Amino acid sequence: MRFGLLGSLTVHDGGRDLPVRGPLARTLLAVLLLNADRPVPLDALTDALWGAHAPATAEASLRNLVSRLRRTLDDERGDRLRATPAGYRLHLTDDELDTRLFDAAIHRARTARHQHDHATVRAETATALGLWRDDPLTGLAELAHRTPQCAQWREHRLQALEWRHDAELALGNPQVLIPDLTALTAEHPLRETFHLQLIRALDAAGHRARALIAYQRLRTTLREELGAEPGPAARELHRTLLAEPGPAAAPAPASTPAPAPAPAAPARPAPSQLPTPAAHFIGRDTQLAHLLDALTAPADRPAVAVVSGMAGVGKSALAVRTAHRLRDAFPDGQLFLNLHGATPGLTPLTPLAALTTLLRALGTAPGTVPDDPGAAAALLRGALAGTRTLLVLDDAAGLAQVRPLLPATPGCAVLVTSRSPLPALDAALHLRLDTLTERESIALVERAAGRATADRTVLSLEQNDLARLVHLCGRLPLALRIAAARLAARRHLPVRGLADRLTDPRDRLDELELDDLSIRRSLALSHESLRASPRATDRRAADALLAIGALDLPAYSAPQLAAVLDLTPARAATALERLTEAALLDEIRPDHYAPHDLVRDYARELPDPEQRHRLTRTALGWYRDLGIRISHALDPTQHTARLLLPPPADGEPLDRDGALALGNEECENLVVLVEQFAEEPWAAAELSTLVRGFFTYLRTRGRVAETVRLNEIVLRVARRAGDPTAEGYALGDLAGTKFATDRYEDALTLITDALAVWRQVGNPERERNALNNRGLLLSHLGRTEEAGAALEEALELGVRAGDHRGQAVVLSALGNLVEAESPHRAIAYHRRSIEAGRRCDHPDTQMAGLTNIGFAHLKLGDPVAALHHFDLATAVPNGNVAWIIELETWRGRIEALRRLRRLDEALDSSRRMLDRVAADQDGHGTGMIEHAHGLVLRDLGRHAEALAVWHTALTRLTGSDHPVVAELRALLAAESA
């Protein structure tokens, strides 16, 4: 299959066009192609499709579009367009997308150009240009406008044209270029390179007069449009044309005396100060190519590139490697200056000290350098004017240190390395350097340790250990070099032995020190410079890193740190951004940050015990209040509020979407936080309320694994602390989770224990709830008589207390209990349950009642009435309905459609639900829907697919007591017979 973005959106399969109809479908496919093989979140897709005017049904509409797109791509199983936990991912091979082929050809052409391989440049640019049909995303103007890659591809096309012309000129084919270049100079009148190439082609083809006219046309255009003269390269070419005799020029008369030669100007030194390149340089091919292009591209100003990144990521090594590759391009000298912006034990160079060093390297006498930095900077600009000199300014502290050192005229280039990205510096390229890949990291350790050849047999057995070692080093080049040096120094030290010593985070930074190489000292310099800064923003950033070390969570956000550090959210956000600029944090998703593993190890060392206790206690309080706010938003009937504290007075009220989004963002942090403080006696009371606060979110989202883990911890802590109330809540929530995943026996044991606790405590509401749940579990286990007794007792207590919601729940359970023997009697119970739910305005019980009536009608063999009730259930406002109820509603609806032989609708519904459960990472729900999906596939005659789906479903539901498990085994046996 072939996909095209370079022009209008196209899809081809085996020579036939696959039309993608409708602007929304084309936009969806284009966004997925732009992010091929990467997950695209639902909110990003929604924003691309509807922007700020997304309808309330956007998510459902998006799933419909995905289903349509899968049918277009003949991908109904979703093998190519896959659901991910947060959205969708389109899987492509490298040769299926024209932009990938285009980029690859550009990369090969760039490499060949640096190697002066003109024939390959010509071939590869022809390949790239042959893929270009029109402007990228033609027909999708709004998406194209918002997609930076489109401008990049357009620029790469123009570069490919330039490279092709240079190659043809070098290969001696000027005549073939003249028509194309004539058109291109008219189309791009301000792109000087095309004019230069046209002038050279005309001259080489013997058209000197036309070449001079072409230069005058360029000069006139630039003066009229920009008020500027042609650049130095164009002016030099013009002088050459005027000075050299043309093809028909006659020789000068013999009597004409030759002009006297001008006195030679004293030559200034051509310094060559570049350090020796790193002995073991791995990877960085793409970054190296970008730097070479940026620093040699024709321009009317000096070329500047900035390489930034965290300590030890290899900025200097890349800069030195790049500078050595550029020696021939800058014959007037290569200057190297370490500015000591982050050198342990040294203060950063002042601008005047840096200027003095550079001027002396250029031949300025020691006593003639002005004491005034401005005058010294002017002298440096004058010394560099008219030269082709490369300056490498390594380890810059900031923009104020770098700006006075910059040349002012074209021809020179500056390569800056800094931990900060220096965003305010007007540079041709800002390159943020990341860590190495695992493969590159292993290769670096092998080479630097000297074991890659001599011990190949041993290393082949140590690949897993090497992978673990480089992971523990965070794939950071400096840490890898230290680890490799340790292995080189101790030839018999196994890789596993060194990896074991790095495993404990408390020891890791100690092990990653060798001579003057130290991860800890390098990171400490960044932190201390922030702490000692006169700027309040920097000092708050230093405090934020201390808080990050105290909390030790997977991710950090401004609201969270604002509460912990008692800052405004805006100041907390600025602190996080400052840490990112200082390469101590990475922005892992919008407005959420995380440190590199080694930075995390360093940050853990910063707080003292008192600071750690204060900060973590504040964080627990913030998470507790957040959970309560989320629960109040997801349960507007206030049922949950009776189990919790009132919502915090100073917190803004949340709507449902905001509550779910916050829960999604903080769920992982919540689990880590609870695990961290499970053994702290002072945290026992906080943890119970904290976990209860998040239970409504966890239930709504179907986060089974997190619910079990959190409540197991709370149960252990509550029993240790002697807190029966916390114990009762944990037992009940665990029982509910086991029930939701059809582990009925486990759930019965837990709810029986919870019932005993609530009777001991004397909490009648929780006692009624536990009785009802116990009856429900007994009914699922076929213990009908015991179930009926428990439910009737719960109903009596609910009536006596005037608890309409409790009555609704019990009546629903009684209906389910009698359904097998009397579906009509079950329907009567469910109608009473719905009415009780309406009296207390509780959507859960209303939706559950309608769903149960639907299943009762299926039992009666009436799928028409069943479908009607399932549709009524889906129409209930379900902002706070438990996920398990919604899942059952859709499962019943799919079955009703199947029995009515509306198989296409049933298939579409089952696919949409599979996307939904996959996005929510609900393995149990996925298994239940896969059972229904397989039945539809079987009825469609797709038996092999049905068998595959049922096998997967049975694996997911292993350990479940749900009747579906027995049915799956029977179906598999029957279909396999």
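**View 1. Strands S8 and S9 run parallel, joined by five bridges.** Strand S8 covers residues 334-338 and strand S9 covers residues 390-396. Here strands are DSSP runs of E with at least two residues, helices are runs of H or I with at least four residues, and both are numbered from the N terminus; two strands pair if DSSP finds at least two bridges between them. Look for Gln334, which stands opposite Leu390 in S9. Four of the five residues of S8 are buried, so this strand is largely enclosed by the rest of the structure. Buried means under 20% relative accessible area, exposed means over 50%, and partly exposed sits in between (1.4 Å probe, protein chains only). All of this comes from a predicted model, where local features need pLDDT of at least 70, side-chain atom pairs count only at pLDDT 80 or more, and totals for chains, interfaces and linings use all residues. Residues are numbered from 1 along each chain as its sequence is written, and side-chain values use heavy atoms, with hydrogens and water left out.

**View 2. Leu579 sits among the residues with the most contacts inside the largest nonpolar core.** That core has 152 residues; a nonpolar core is a set of buried Ala, Val, Leu, Ile, Met, Phe, Trp, Tyr and Cys residues joined through side-chain atoms within 4.5 Å. Leaving aside neighbours within four places in sequence, Leu579 is in contact (heavy atoms within 4.5 Å) with residues including Leu530, Ala541 and Ile548.

**View 3. His116 has a positive phi of about 60°, though it's not a glycine.** You'll find His116 in the loop between helix H4 (98-114) and helix H5 (118-130). His116 counts as exposed, at 61% relative accessibility.
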